[in-house]
Amino acid sequence: MKTEQGEKKSRAGRKSLYTPEVVEIIRATIAKGESEAEACRRAGISDETMRIWKRDKLEFLAVVKGAEKEAREWEMNGLLAAAKRSLRVLIEGQEYEETKTEYEQDPANPNQPRIKRQTVTTKKILPNATAVIFALCNRDPENWKQRVEQDIRGTLNGDVTSSVNLDKVPDDVLAKVLEALRD
């Protein structure tokens with residue numbers, strides 16, 4: 001139904017679920033990496049409604065696609081950077097200090113313990129051989145490939161003959177073998 005101004009009017013008595021607030025809930029949910037089904041649940045709409053909006057409202061489809069891209073970029077930027085840092089630690093190893101503290105009861109203040117002894121130890125995490133191999137194979141595959149190449153081509157020269165002598169095998173046994181081979 002159209003009004004005098006030519007705008008579409010929704011059915012009387014029912015408000016449209018398509019509001020800026022609902023669109024923002026969907027955008028924010030998808031941008032965090034959640035599924036479309038979860039976005040629909042949080043926005044209070046059905047999966048079917050979302051499919052219809054994506055089909056009929058190009059601006060909504062653009063919002064959803066933008067949120068999906070944002071989620072992928074966040075994932076790649078955040079997770080990729082963390083993975084690189086972690087791989088670097090695994091390749092290079094790492095040193096850190098561990099502090100052990102022993103406490104005793106303070107005679108002057110029985111409710112407050114005091115430090116009896118504190119020991120600082122430097123510990124090392126050794127490089128991880130698997131991480132080193134992974135990095136080398138992916139960074140310089142020409143020199144560090146994990147492929148085994150086997151050449152299984154072969155040629156047979158000459159006639160292949162059997163050196164089995166059947167002269168001493170009885171004829172009835174040979175006949176049974178031939179009969180079995182025919183079957």
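1. Buried means under 20% relative accessible area, exposed means over 50%, and partly exposed lies in between (1.4 Å probe, protein chains only). By that cut-off Asp106 is buried, at a relative accessible area of 19%. Its side chain meets that of Arg114 in a salt bridge (3.9 Å, N to O), where a salt bridge is a side-chain nitrogen of Lys or Arg within 4 Å of a carboxyl oxygen of Asp or Glu. Arg114 is partly exposed, with a relative accessible area of 37%.

2. This is a predicted model, in which local features need pLDDT of at least 70 and side-chain atom pairs count only at pLDDT 80 or more, while totals for chains, interfaces and linings use all residues. Residues are numbered from 1 along each chain as its sequence is written, and side-chain values use heavy atoms, with hydrogens and water left out.

3. The protein chain has 6 helices and 2 strands, in the order α-α-α-α-β-β-α-α. Helices (H or I, at least four residues) and strands (E, at least two) are DSSP runs, numbered from the N terminus. Of the 183 residues in the protein chain, 13% are buried.

4. In helix α3 (residues 47-56), Thr49, Met50 and Trp53 are buried. They lie on the same side of α3, because they cover an arc of only 100 degrees around the axis, the arc being that of the directions from the helix axis to the C-beta atoms. Their cover includes α1 (20-31), α2 (36-43) and α4 (58-92).

5. The largest nonpolar core has 14 residues, of which Ile26, Ile30, Ile45, Met50 and Phe60 touch the most other members. Two or more residues each come from α1, α2, α3 and α4, and α1 gives the most, with 5 residues. Such a core is a set of buried Ala, Val, Leu, Ile, Met, Phe, Trp, Tyr and Cys residues joined through side-chain atoms within 4.5 Å.

6. Not counting residues up to four places away in sequence, Met50 touches Ile26, Ile30, Glu36, Cys40, Ile45, Phe60 and Val64; contact means heavy atoms within 4.5 Å. Cys40 is buried at 2% relative accessibility.

7. The salt bridge count is 15. Lys69 pairs with Glu73, with the closest N and O atoms 3.8 Å apart; the two are 4 residues apart in helix α4, so about one helical turn separates them. Lys69 is partly exposed at 45%, as is Glu73 at 39%. Glu24, Arg27 and Glu70 are linked in a network of salt bridges.
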